[in-house]
Amino acid sequence: MSGEVAGHYKMDNILHDKQIDDSDKRNRKSSYNVETDSTKEGSKSEGTKQDGKSQQPAIQYRKERQHLQPLWICYVMAKRPKTIFFSLLLVHMSLLLITGAMVMGQYDILPVDFKGVPLDLEHEDVFLRALAWQNRETDAILPTSPPSTEDRDDGMETLVLYYQADNVFTADNLQFIQTLEEQMTNVADYALFCMKQSDGTCSKPFSILRLFDGTFGPLFNDTSFSDVPQTLQNAMNVPEISHQLNFFLGKNSIVSVADGIAKSAITRTAFYFVYNTELETFMVDNYRQKLLDLHSNGLGSMSLIYSCETLFVYDVQRQVIFDMMLAVGSFAFIFLFMLFQTKSLFVTCLGIFSILTSFFGANMIYRIAFDYKYFGIFHVLSIFIILGIGADDVFVYFDTWRATSHEHMESLEQRLSECYRRASKSMLITSLTTMVAFISNAFSPVLAISSFGLFSATLVLINYLSVITFFPSVVLMHHLYFENWTWPCFRPCYHQRSHTVSSETVTVTDVAENQTPRKNIVVRFFYGHYFIFITHKVVRWIILASFLALIVVFIVFVKDLKPDEESTKIFKDDHNYQMANDRRKNAFKPSGRDDIIRVYMVWGLRLQDRSNCHKTDGEKCTGKTVWDEAFDLNPSPAQLQMKKMCTDLQNLPESTNANLHIRNSSLTGKLEVDCFLDDMENFLVNESGKAVFGGSADFSIPFSESKISHLMTSLPQFYNISAISSNFYRYFETAAAYWLHDGYSSNVSSDYTQVLGFTLDQYDTLPLLNSTWDVYGTRLRYAAIIANTSLIQGRLGYEVGLPIYDAWESFFKSKISELPPSLSGGFQCTPEGNNPWHWLKVQKTLVDSALRGIAIGICLAFVVITVATQNIVIGFLATVSIACVTVTIMAIIPMVGWKLGVLESLNLSLVVGLSVDYVVHLAEGYHMSIHTDRKSKVRDMLESVGVSISSGAASTLGASIFMLFAKILFFVQFGIFMFCTIGFSLIYSLGLFSTGLAIVGPQGNFGSLVPLWKRLAYAVQGRKPADETCDQCKGKGFRPKETAVVVDSPRKEGNISTNGEENKAFSDE
């Protein structure tokens, strides 16, 4: 340390000593100057007693702390402040430079993916089964029609327009809808992306207008919309059409020819497109802006909303970027608030800089060391989290540094060490508990949650390391070179400020413990008026009763907490896409096109093999198809047993179907079980009556060798019988191919081509005559039977849904056990939509993760706080406060109309980690107090910690407000969650916890773990309580206590003097 700095500290100490002496003289005249009935318990003599007994240990404690050996890091920092500061600054800047270099070098250092939220349970059978079915169309599967150079079908995309009015079925409204449909279908390149009909032309949009343009025959040809009620009534009279008519009718619609009424508040149009990589550009260029204008301005007298997966993904990615810009507002608020608190631009800028660079450092560890290649929407939330946590740590350290300025320190390194000891321990406890809350999420099987937990835990760790290394050097540089510097324009104002403190406001806590008076108004409020308020002998019980009543109310609301049946919501309820989703599920009558849950009973496939997928690939890696080599439908018993299973499913007793929920067909009255064997048998039985087969052929199940051989020999134009070997085996597949191709009279006409898949057989496959691409004798690789349930996707919660899944699983396994070995490898799944069976398990996993996170967080908080404070009573009271915050946040979810979905579950698992900070700081402040009575401890606690936690809470609350202006629901909900969690954490910690300590806070050694640690240590060492400590006792560190020798007469030995006093030699020994 330079001579100038040393001289500064020497003169400062002399002035400090004089101030201590003057203050001590004033304080001997009275006890606490700010005193009420709550501080006068007993009599005024207790205040005098406080002076005599409480101040002396306090002064002794301070003196002992002053002579502690400085920490080596603080010693080095004080000796070489510039070297340490610029070295650490360079380290932080290098994180930015390395990240920039990696981006320039095309390294995927920030693997952003905002297209969705990966919630797959990648090791669950329900997920792997659906994945196996969804990716069954491998290169080995034969096409069912001739290949086309224009065939780019990677799936189907649907654009749905919803029209709303008092009555959308007026002639004018229908005319507006017709005009809009024409405009939509006449855009450039529409023919390149539209879904084609069999003649190659674009399919018409599926809307109510098809009942008026002659599509369904002469009864439905009213192009002028002159008699809408009659046309709709005609449709209702035709069963095949009426089943689809409901797709266009609102659930409260009315159609009455007698009254001349056709009324519905809503209808819709569906446009179907072939999905490929160029579709997004087409949709954005031709439709997006037009649809936005229609949504804002309406269509005639109708309002319009729309839904389209391609446009939805595009808008989500754009909106996430815009909402992330709100982080700039949070940064700005925290910057200004930190500047107000620290009154130093130097400290503020570098404090914010350290928080920012923590993000880049954590990301490098997350991406490179942990090898995670996913950075999603949830990760964006960590930016807002670390702003609050980082600012809180900065305030804790800086306020602790300020507090040490009121204490008499012999050197700079000692002051720095004292500040470091206090602040680093407190921040370690809060950072540790927050990290564990995040780490508990890292073990979640859901990638979106586990990756967020790991990244956030790493971020908290890096921020802690930064605030205990770099930020102390920042504060030290500010103290040495910038503390007394002000902007020239503010200097006149600065010199006019008055910093004098009235002697009437000086307390024993200020001066009797070798401290100077505090000037901060917040500090004086906490150890003055607020302390008096919470320790008042009546008010303190009113406070406890109020909190108890509040908790009872919140517990009542917690009972209403329910899991969310719907998949993840991205936008608010008043957003176009969320309104469209609501209308799709709730606004229309049941129809044949509803998004019902369809159960697939599958044979021929095993669980999808994802062993080569990266742990963060998610849905980007579909894995490898694994065939069930034992699957075979050629044996007659296999065909008969599967046929029997279809019949049983279609005729289940009501008692059995009550658990399976298979829907009854409005046309046939039977259960809707789509079995390909039924259609195949009906077709072949009809074919058997043709003359070419002799008029009396038997083509019923089972399709045996003799039956299909007859079919083949009767059709020599298709089958070269001479080429068929005597070992030909694939007769079932030959019959299936004949059925699927409608007797080879035209292209494939069967609807079952999607549930059956064939591959070449190395022995039996032969080319079909008169065809350039068709073959027969192939191998059936997979097949499926489909059951339509009455369950609607997105309306099934796991509490109701999982028993239904279990019923299906049990039912199908029982049926499989009755089938021959070649069909024993089947499974049931729900591969459509969001995979409902899988989503039910995701719901339960999210709830379990939330409860597990809460349990882990509360248990760990109790252990950490108890160990840190070395007092079980403090640990218990702090844990009660944290539990109350948790109950409150759980109650807020149903209070604001939410359910326990993805984000809510994630928030609940974090609530303990985020709410523990303030109560930990207060508990540490109470523990570190040098007083022995609870009131003095509470006063010390509020004085030393109150301003820090208030500042930290204010910064986080202010930062979270900006998130409320976001469009993405994730950010809005998280903003509300952060605001409520931090707000109630502050209320419970300063209100409930502080009041509890004022009433039952431990005094002396009550509840202390120190005697327990000492007993355990003594037991390990073999030491008795009566033994005394010594430095040199054969390495043991203790020895039996010597008994004093009583003498009757003076002795001349040198160990005892003649006047009864110890000789110096004996004393020295």
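Helices (H or I, at least four residues) and strands (E, at least two) are DSSP runs, numbered from the N terminus. The structure is a predicted model, in which local features need pLDDT of at least 70 and side-chain atom pairs count only at pLDDT 80 or more, while totals for chains, interfaces and linings use all residues. Residues are numbered from 1 along each chain as its sequence is written, and side-chain values use heavy atoms, with hydrogens and water left out.

Asp 742, in the loop between α27 (731-740) and β8 (756-759), has a positive phi near 55 degrees. Its relative accessible area is 29%, so Asp 742 is partly exposed (buried means under 20%, exposed over 50%, partly exposed in between; 1.4 Å probe, protein chains only). His 661 also has a positive phi, near 65 degrees; this residue lies between α24 (654-660) and β7 (673-674) and is partly exposed at 26%. A cis peptide bond, with omega about 5 degrees, joins Ile 701 to Pro 702, and Pro 702 falls in the loop between α25 (676-688) and α26 (705-713). Most residues other than glycine have a negative phi, and most peptide bonds are trans.

Leu 990, in helix α33 (residues 969-1000), is buried, with a relative accessible area of 10%. The C-alpha atoms of Leu 990 and Phe 526 are separated by 9.8 Å, although the residues are 464 apart along the chain.
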